[in-house]
Amino acid sequence: MKHARIVTALATGALALSGCTDGRRDLPAASASSAAPGSASGSASGSASGSQRPHGSAHALVARPLVIGHRGAAGYRPEHTLASYELGARMGADFIEPDLVSTKDHVLVARHENEISRTTDVAEHPEFADRKTTKTVDGKAVTGWFTEDFTLAELRTLRAVERLPDVRPANRAYDGRWQVPTFAEVLALRARLSKELGRTVGVVPELKHPTYFRSLGLPLEPVLVAQVRKAGLDSATGGLMVQCFEPTTLKALETSFRLKAPLLLLTQPKGGPFDLASSGDRRSYRDLLTPTSLRSLAKYVNVLGPDKAQVIGRRPDGTLGAVTSLVSDAHAVGLEVMPYTFRAENQYLPSNLQVGAGAHDRGRAAQEQEAFLAAGVDGLFSDQPDVSVKARAEFMSRPSS
């Protein structure tokens with residue numbers, strides 16, 4: 001287990017680690033249940049409280065949880081634009097998060113998916129009309145325009161647009177303003193912001209569909225490794241994490257590429273990793289999160305990035321349920337836990353934290369996030385980093401129970 005590779009020990013800045021056995025502060029709430037990840041069963045209380053890290057664990061403990069700007073500051077700007085990343089960092093995010101896919105000429109660019117009809121104005125370009133097609137990506141049929149069918153020069157003629165225009169209509173004011181950024185540009189932005197803000201701004205790239213891209217002769221891993229090493233980020237404390245939904249990719253980064261930066265495995269409540277399924281391994285994400293499987297993962301993974309429902313589920317009435325055992329199980333084998341995705345709009349919040357009648361109105365998102373901090377998570381992937389920074393400050397200011 002790579003205890004020396006602790007994500008939150010950034011080279012500079014305020015994310016120092018504590019040597020204590022437990023630095024957590026709990027909100028008044030029901031005790032953690034032993035329910036399986038994703039379960040909403042438990043106490044009748046609308047709050048949730050966390051399982052504590054085990055005493056005597058060899059795993060170093062974060063002094064304060066990380067705020068990760070999910071796709072930058074996606075609640076305020078079109079996602080995966082340099083403007084979104086910069087705003088996220090200036091709002092106080094410790095890390096910014098680009099999703100990475102490949103162009104036809106093997107350049108890594110930041111898009112939520114390789115299909116770009118919802119995140120660019122490609123449909124308005126008649127010169128690319130014949131590029132629209134249907135492909136099978138990770139076993140599913142997808143129709144649209146795909147980054148791997150465009151050179152970088154061609155992709156540069158497109159402009160980013162808001163992916164959720166009905167949810168975030170204010171973001172549409174920025175449609176057409178920015179290009180699709182390359183990963184190299186994101187790394188350069190990270191370096192500039194670190195100097196300007198006087199702290200390490202971390203970056204946590206997600207490799208999207210690596211098995212698929214490998215089948216096209218466009219492997220993502222070697223390009224990423226070369227670029228982060230060129231940027232001087234391949235260290236345990238250099239402000240880099242690499243994340244993926246496919247465990248074999250993370251294992252290859254550890255064993256074949258000898259990447260020193262921490263690795264984060266993303267999971268979801270249903271289904272399983274495509275890399276495993278494509279090789280005949282039928283294990284689901286749920287199977288990977290048993291205590292025995294977590295012990296095996298901890299040999300090459302440093303952090304879990306579960307769907308937040310795998311940490312605290314919902315009751316039938318839509319309120320938060322009981323805390324699952326996932327955080328305590330992960331901490332027991334030295335893994336940190338950083339769930340996704342925290343959003344401020346009502347439709348994403350527990351029913352008792354919604355404000356107003358509109359699904360797109362903003363509710364009491366900070367209270368939801370404080371409940372997850374009380375559950376012992378080590379970080380939050382957030383579309384509104386400013387809300388998460390405030391939630392963390394409020395949580396950390398409370399006296400220890």
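Reader: Which residue in strand 17 does leucine 66 stand opposite?

Author: Leucine 66 stands opposite glycine 379 in strand 17. Bear in mind that this is a predicted model.

Reader: In which sense do strand 3 and strand 17 pair, and over how many bridges?

Author: Strand 3, residues 66–70, pairs with strand 17 in the parallel sense, over four bridges.

Reader: Which way do the residues of strand 17 point, and are they buried or exposed?

Author: The general idea is that side chains in a regular strand alternate between the two faces of the sheet. In strand 17, residues 379–382, Gly379 and Phe381 point one way, while Leu380 and Ser382 point the other way. All of these are buried.

Reader: How many aromatic pairs does the structure hold?

Author: The structure holds six aromatic pairs. The distance of the centres and the angle of the planes describe a pair of aromatic rings. For tyrosine 174 and tryptophan 178 the ring centres are 5.6 Å apart and the planes are at 15 degrees, so this pair is stacked. For tyrosine 212 and phenylalanine 213 the centres are 5.4 Å apart and the planes are at 75 degrees, so that pair is edge-to-face.

Reader: Do tyrosine 212 and phenylalanine 213 count as buried or exposed?

Author: Tyrosine 212 has 8% relative accessibility, so it counts as buried. Phenylalanine 213 has 0% relative accessibility and therefore counts as buried.

Reader: Which residues do ring pairs link into a cluster?

Author: Phe245, Tyr285 and Tyr340 are linked into a cluster by ring pairs.

Reader: Where does the charged end of arginine 343 sit?

Author: Over the ring of tyrosine 348, 5.1 Å from its centre. Arginine 131 lies over the face of phenylalanine 150, at 5.1 Å from the ring centre.

Notes:
Residues are numbered from 1 along each chain as its sequence is written. This is a predicted model: local features need pLDDT of at least 70, side-chain atom pairs count only at pLDDT 80 or more; totals for chains, interfaces and linings use all residues. Side-chain values use heavy atoms; hydrogens and water are left out. Buried means under 20% relative accessible area, exposed over 50%, partly exposed in between (1.4 Å probe, protein chains only). Helices (H or I, at least four residues) and strands (E, at least two) are DSSP runs, numbered from the N terminus. Two strands pair if DSSP finds at least two bridges between them. Rings of Phe, Tyr and Trp (its six-membered ring) pair if their centres lie within 6.5 Å; planes under 30 degrees apart count as stacked, over 60 as edge-to-face and the rest as tilted. A charge sits over a ring if NZ of Lys or CZ of Arg is within 6 Å of the ring centre and within 35 degrees of the ring normal.
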